[in-house]
Protein chains: 2
Amino acid sequence: MSRFLSSQLANLEPYVPGEQPQERKYIKLNTNEYPYPPSPKVRDILDTKEIDDLRLYPDPQTRGLVTAMSEYYGLREEQILLGNGSDEILAFFFMAFCDQKRKIGFPDISYGFYPVYASLFGIDALKIPLREDFSINAEDYFNLDRNIVIANPNAPTGLYLELEDIERIAQTNPDHVVLIDEAYIDFGGASALTLLPKYENLLVCGTFSKSRALAGARIGFAFGSPDLIEDLNKIKFSFNPYNINRLSLLAGVASIEDNHYFESHLAKIIETREETSRALRELDFYVTDSKTNFLFAKHEKMAGEDLYLKLKDQGILVRHFNQERISDYLRITIGTPEEMDEFLETMTAIIRGDLT
Amino acid sequence: MSRFLSSQLANLEPYVPGEQPQERKYIKLNTNEYPYPPSPKVRDILDTKEIDDLRLYPDPQTRGLVTAMSEYYGLREEQILLGNGSDEILAFFFMAFCDQKRKIGFPDISYGFYPVYASLFGIDALKIPLREDFSINAEDYFNLDRNIVIANPNAPTGLYLELEDIERIAQTNPDHVVLIDEAYIDFGGASALTLLPKYENLLVCGTFSKSRALAGARIGFAFGSPDLIEDLNKIKFSFNPYNINRLSLLAGVASIEDNHYFESHLAKIIETREETSRALRELDFYVTDSKTNFLFAKHEKMAGEDLYLKLKDQGILVRHFNQERISDYLRITIGTPEEMDEFLETMTAIIRGDLT
């Protein structure tokens, strides 16, 4: 820390992304990446002309991709904003709608970035405990008198909150913005975007990083009323108008247009998830009912950190959170069937004590 | 505007990027883009494997490109931070070092984003008038008791401030951060990075958008002491850890490695600039002594807006600022020799009254 850093930031604890080790090859099941490449159409679209056109700024209105998404999701273009990943969308949400008076509430166990944004922007944050089984008690959010952000399905628990609960939360907080962070929605839940026509205070955000195999391209999005999107655009154009690069805009369009690829690969991942989940339960794991591309699992006898380290030793990375209530759990990204077979084989060996 | 927007932002006026019209083809001389494609090595590096790897997150440490830049610029890796364009670097600078007590100062005529950031983050901003000839009077910045940002060369004036002036500004403000925004430095000035070893309060930022033909890839950077860079990293990791996408990281490396392409094309643009400048003077323009990839020019008889509109009618876009003191000037990006010939032909016709 230099002596020039604003004193307001002295206690800021940045977000810690999942490990990206460079020193050896791992089976990477730790950052919820997609196990298959993006649609081959992404390759086709990134041709010589497009690469030569990198000399030009991208369209700050991000029109090509917004138009494609508008058709795909059945929304008006003014209801869509793109971000440099959904993290940037989350940041814009905090900047636009939260301040000293408009505070924020979110689950105590959820995406680790929410408290970081609250801290970065100096926003009072209420962390609302999940139930003992990690489910969200929707009633805790009724009439909260705060803005709200809920990941649905939630991470790292994997649990899905029904739309009727989301609706009641939006309904009972008419003077605050309710943001539903749907990074994982395509793996099994129903999107809250169907509620947008009824609730002007509802925002939905999502990403191309999980279900569209484009984590490396950094494309996030927000859906909401034209007024809310206009507010977020005001932040975007005051922060970074050219926030999405040219190649990612093209990759996004190609992904949206290749719906067959999208749906067939999603189905594969969901199938692998269910198989892996069954196999873990047979190894005496408690596994939550995940609607995402990861599993959240705890062994009945072995400590989470111990398992994490032993897996890492064997060249398999999963995510472990050194955090109250969940320190015995592992968050395991669903890889290819072959990767999950190797994971399960290794896990079986660890649990049987064949590896020390 | 929705009723949910923070009241602190009610008067925020976002930055207005240069026009990016979609409806017809223009000779685009309005956003200081590079007229030649990026190095062919950029095309070579973006192969099928790299595009398939888009499923994976980029390295949040942005190591490949930081290493290449560290070698190229002779800096340690801890002295370099990458941003999603240099706009993001500027935003991080305001977030890290400015607050209610640590105010900011910058020239009254300069990059239009500085006052936007001050407004977005609620920072008191002192706008220091340029001299009548648009040069910066360095003494105005001595002992300012504020953080300082100066574009060098300045935009839209194109004028370069000598390093000894920069040095005195850094020297006389030891308790504040002095940021030199060198977006255009490669077109003719000497970088302040040579002063970094002497001034722990000095930051330099730059971009791949202008001299490296990669505006569409969004790569900006900051150079400074490891402490200042650590502070900026604290913001980055609290805002958007994966801020640079995978393909842009690769494109950046390819650009740095192809130094021959970089230098030979720069030389061409500088040559075209000098030729265009001479030709404009012959058409009775006052043209500043630009060290950038654009010219800043005023005709002795015709109004800037008038010229801008007539050029646009003819399919040529330049930038006009409806702003006190400079409303009679045009900012003209240096294109290819062919584009500048067409520009000059059209301009000649306009001035002779051959076009109405």
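Guide: A salt bridge is a side-chain nitrogen of Lys or Arg within 4 Å of a carboxyl oxygen of Asp or Glu. In this predicted model, the side chains of A:R325 and A:D108 form such a pair, at 3.3 Å from N to O.

Visitor: What should I know about the numbering and the model before going further?

Guide: Residues are numbered from 1 along each chain as its sequence is written, and chains are lettered from A and ligands numbered from 1 in the order in which they are written. The model is predicted, so local features need pLDDT of at least 70 and side-chain atom pairs count only at pLDDT 80 or more, while totals for chains, interfaces and linings use all residues; side-chain values use heavy atoms, leaving out hydrogens and water.

Visitor: Into which domains is chain A divided?

Guide: Domain bounds come from an automatic or database domain assignment. In chain A, domain 1 comprises 7–37 + 260–352, and domain 2 comprises 45–257. Taken over C-alpha atoms, the centres of these two domains of chain A are 24 Å apart. Their contact (heavy atoms within 4.5 Å) takes 31 residues from domain 1 of chain A and 31 residues from domain 2 of chain A.

Visitor: How is the size of such an interface expressed?

Guide: The size of an interface is often given as the accessible area lost when the parts come together. Buried area is that loss, computed with a 1.4 Å probe and summed over both parts. Between domain 1 and domain 2 of chain A it is about 2,500 Å², with 65% given by carbon and sulfur atoms. On the side of domain 1 of chain A, the residues that lose the most area to domain 2 of chain A are A:Y15, A:F262 and A:R325, together 29% of what that side buries.

Visitor: How many salt bridges and polar contacts are counted between the two domains of chain A?

Guide: A polar contact is a pair of N or O atoms within 3.5 Å; within protein, one must be able to donate a hydrogen and the other to accept it, and residues adjacent in sequence count only if both atoms are side-chain atoms. Between domain 1 and domain 2 of chain A there is one salt bridge, and eight residue pairs are in polar contact, both residues at pLDDT 80 or more.

Visitor: How many residues does each chain give to the contact of chain A and chain B?

Guide: Chain A gives 88 residues and chain B gives 88 residues. About 7,200 Å² is buried between chain A and chain B, 57% of it on carbon and sulfur atoms. A:F4, A:R55 and A:Y57 supply 12% of the area that chain A buries against chain B, more than any other three residues. Across this interface of chain A and chain B there are six salt bridges and 50 residue pairs in polar contact. A:D52 and B:R43 meet through their side chains in a salt bridge, at 3.0 Å from N to O.

Visitor: What rotation superposes chain A on chain B?

Guide: Copies are superposed by least squares on the C-alpha atoms of residues with pLDDT of at least 70 in both. Here a rotation of 180 degrees, with 0.0 Å of shift along its axis, places chain A on chain B with an RMSD of 0.0 Å. That is the relation of a two-fold axis. A:L247 is the residue of chain A that comes closest to the rotation axis, its C-alpha lying at 3.9 Å. The same surface serves both copies, since 100% of the contact residues of chain A recur in chain B.

Conventions: Buried area = accessible area lost by both parts, 1.4 Å probe.
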